[in-house]
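User: Hi! I am new to reading protein structures and would like to work through this one step by step. Could you take my questions in turn?

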2 protein chains.
Amino acid sequence: MKLEIVTIGTELLLGYTLDSNGAELGRALAAAGVEVVRRTSVPDRREAIRAAVAEALERTGFVISTGGLGPTRDDLTKTVVAELFGRTLVLDDALLAALEARFKRMGRWPMPPANRSQAEVPEGATVLPNPAGTAPGLWLEDSGGRVAVLLPGVPREMRGLVLDEVLPRLALRSGTSRRVVRSRTVRTTGVPESALAERVDPIEDSLAPLTLAYLPSVFGVDLRLTAWDLEPEDADARLAAAARQVARLVGEHYYGDDDSDLAAVVLQALRQQRHRLGVAESCTGGMVAERITNVPGASDTFIGGVVAYADVIKTAALKVPLEVIEAHGAVSEETVRAMAEGAQRLFAVDCSIAVTGVAGPSGGTSDKPVGTVWLAARVHTDSRAVRRVFPGDRDEIRRRAAQAALDLLRRLLAPA
Amino acid sequence: MKLEIVTIGTELLLGYTLDSNGAELGRALAAAGVEVVRRTSVPDRREAIRAAVAEALERTGFVISTGGLGPTRDDLTKTVVAELFGRTLVLDDALLAALEARFKRMGRWPMPPANRSQAEVPEGATVLPNPAGTAPGLWLEDSGGRVAVLLPGVPREMRGLVLDEVLPRLALRSGTSRRVVRSRTVRTTGVPESALAERVDPIEDSLAPLTLAYLPSVFGVDLRLTAWDLEPEDADARLAAAARQVARLVGEHYYGDDDSDLAAVVLQALRQQRHRLGVAESCTGGMVAERITNVPGASDTFIGGVVAYADVIKTAALKVPLEVIEAHGAVSEETVRAMAEGAQRLFAVDCSIAVTGVAGPSGGTSDKPVGTVWLAARVHTDSRAVRRVFPGDRDEIRRRAAQAALDLLRRLLAPA
């Protein structure tokens, strides 16, 4: 089954908002075996919405839109699509009652007049209830089999509607065909794309009919295998075998599959080896701790972190000797090793990570240019420290440094 | 001037990659007065790329694409667009020499054969040099005035090409017309969209020809004013006046304009009042410190932070009395106030922020459900603490909590 997505909002074209809805919808649909053949983003303008939806219907007969269902004046989707389907808008009494009840419950009574328009629906449309917000989803279908599904643009509301209303209806429709689009990702970090390609190229032809894509980011390079339009069992078997084969070729740089997060991988290794972790950060400013605590259940293994931004905190809280900082600088092997030791002591743990560097934009020197970062990981008395020079701006340097710090501990914890 | 963007990559449709290039390109073009009327994302498939580029050229005569210029097999853009323009690919000797020099410099010699194809360009195309990577940009133009600009998909490389090569050429082309598309944003936090609408609605009509959009996110609600196709001075004057008017109506919830970051606003206020800041976090796990240190130059004001994830660190590092945690719980007014005091002491600073809460997914109780967060801010001995219950998943709760913590200090620092 194929369809197109139309995401609506001037802010998407002006680039102030990332089209996370389009991406999330794509993921959910791909997982359900639906192929998104095109995604179009248009501004909140009547003619632009009309053209994009009409063309998508022309090409694939099935379109899902997000955005433009709110109560304010820039919300035009419902009106335009109703026109395209030759329907008038009618007040849905049940919807109005539910909307009024919601406003009473929130203590906002009387309901603002603008919200009343949210209870109007195109004649004959199916209302998809949205318990998380005021704009319901709408499912329009005509006798020619054309379908338009309108979803609100608030990500949480869209997500709920996709899971509870859209996917079940799509499953019913797809009926006889069981063919799916599925992907698996082999995640790597600490190695350039071209070095991976040299390892993987020899087997790429043999992966067909699966496709392989290299997706580099600040976290590393993901190798994405995709099965298109296969029976689910066939897709899964081929993907599993190919992923194993690719992971083996990638070797020590491989850290997980699919949406595995390196912080979760490291936490799991720590847990299995009954370690507890503390963190000391300077240039990453809390990002390593944030990555770790983003993992649900981190509290059984992660005890705490210190952001030793000022050198005085490196000496006071982490007991880095002042002479070390004076002799070698705050960005040095000696300092990062002392920070890792200090974190072990401060948090009374057996494992630690430390990071110190020059994130920029200023502060670089000829021998320590912006991007220079010293990383250390420590397990009991076994420690490693590495110096890296990361490209990119401040944010990118910090993200790369946090990922590399986690990776250093991962490699140290790996069985030899 | 109007154009369309086509972003190319199967991963965009599968939703594994956010279309940040499309957004960034949109921002850069809007700032240059170019209106992006549509953005289309298509997979790495020959026919899909061909159709999207051809249709965009048909509609607006000008298309900028990103992606599909790499050395691997899924990179098809150059070939397809050359066909659309009726050009053959020819080897560019200067480009090949530069490419080979680059590989020698990186110590990767001989150059992998796949990269040689990156030195092939459509006949008559202008090569846009890409010092940050191996794939140059390409500018194709035909006698009918149709233009296709092909940019690589690696964000940093795309960014450099847009700034150094594309924008200057667009400025030359736009020639006589000086009309621009410009936006200004009035940023608010800690107040729902509908409450803002009640304050702003009375003047919305008077803002024409500017448009107004409400953009809610976990950080608050942005009010975006946009001037379309006006002379630059006229656009700027209208936007400045409207932004002032809207900000006044929004009142105490307004914290900054455009891409102001709340952390930067707070740092600036601290700096002006000669304060120094320390942070104590539990559920946000480093996110508040990360937000603050994301601001270049934070080190003159921000001394350090502690992620007191385990209760033992709250007592050991922050000196929260054990009896307070036992009597009131780790998520309580008493604990958060003690954490803020502890941060002042630990970092020897006069200002502090503290956060403790239940980010979920587990750990909620009937009186402290998931999303419950206590926040405190302290300036000398003056302190405020508030309890909030945030919606969303773990990540969203943490982001909202970090923003609210910064906002609490902002309000405490504001002149009465």
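**A helix across the strands**

Analyst: Gladly! In this predicted model, helix 15 (residues 394-413) of chain A lies across strand 15 (351-357), strand 16 (372-379) and strand 17 of chain A. Its direction makes an angle of about 30 degrees with strand 16 of chain A.

User: Which strands make up the open sheet, and in what order?

Analyst: Ten strands take part, with mixed pairing, and both chains contribute to the order. At the edges are strand 17 (382-389) of chain A and strand 17 (382-389) of chain B, each pairing on one side only. Neighbouring strands are turned by 10 degrees against each other on average, direction ignored. Read across, the order is 17(A)-16(A)-15(A)-13(A)-14(A)-14(B)-13(B)-15(B)-16(B)-17(B).

User: Which residue is the bridge partner of Val306(A) in strand 14 of chain B?

Analyst: Here the sheet passes from one chain to the other: strand 14 (residues 302-308) of chain A is joined to strand 14 (residues 302-308) of chain B by five bridges. These two strands run antiparallel. In strand 14 of chain B, the partner of Val306(A) is Val306(B).

User: How many residues does each chain bring to the contact?

Analyst: Let us start with chain B, whose side touching chain A has 32 nonpolar, 20 polar and 14 charged residues. Counted by chain, the contact takes 66 residues from chain B and, from chain A, 67 residues.

User: Which residue in the turn between strand 16 and strand 17 of chain A has a positive phi?

Analyst: Strand 16 of chain A pairs with strand 17 of chain A in the antiparallel sense over eight bridges, and Thr372(A) stands opposite Val389(A). The two strands form a hairpin with two residues between them. The turn residue with a positive phi, about 50 degrees, is His380(A).

User: Is Ala348(A), with its positive phi, buried or partly exposed?

Analyst: Most residues other than glycine have a negative phi. Ala348(A) has a positive phi of about 50 degrees although it is not a glycine, and Ala348(A) sits in the loop between helix 14 (333-347) and strand 15 of chain A. Being buried would take 20 or more other C-beta atoms within 10 Å, and being exposed 12 or fewer. Because Ala348(A) has 14 such atoms within 10 Å, Ala348(A) is partly exposed.

User: And where is Asp258(B) found?

Analyst: Asp258(B) is another non-glycine residue with a positive phi, near 55 degrees. With 13 other C-beta atoms within 10 Å, Asp258(B) is partly exposed. Its place is the loop between strand 12 (254-257) and helix 10 (262-272) of chain B.

User: What is omega for the cis peptide bond between Gly360(B) and Pro361(B)?

Analyst: Most peptide bonds are trans. Pro361(B) lies in the loop between strand 15 (351-357) and strand 16 of chain B. The bond that joins Gly360(B) and Pro361(B) is cis, and its omega is about 5 degrees.

Definitions and conventions: Residues numbered from 1 in each chain as written. Chains lettered and ligands numbered in written order. Predicted model: local features only at pLDDT ≥ 70, side-chain atom pairs only at ≥ 80, totals over all residues. Pairing = 2+ DSSP bridges. Helix = DSSP H or I, 4+ residues; strand = E, 2+ residues; numbered from the N terminus. Axes fitted to C-alpha atoms, helices over the stretch in contact; angles between N-to-C directions. Contact = placed C-beta atoms within 7 Å. Nonpolar A, V, L, I, M, F, W, Y, C, P; charged D, E, K, R; others polar.
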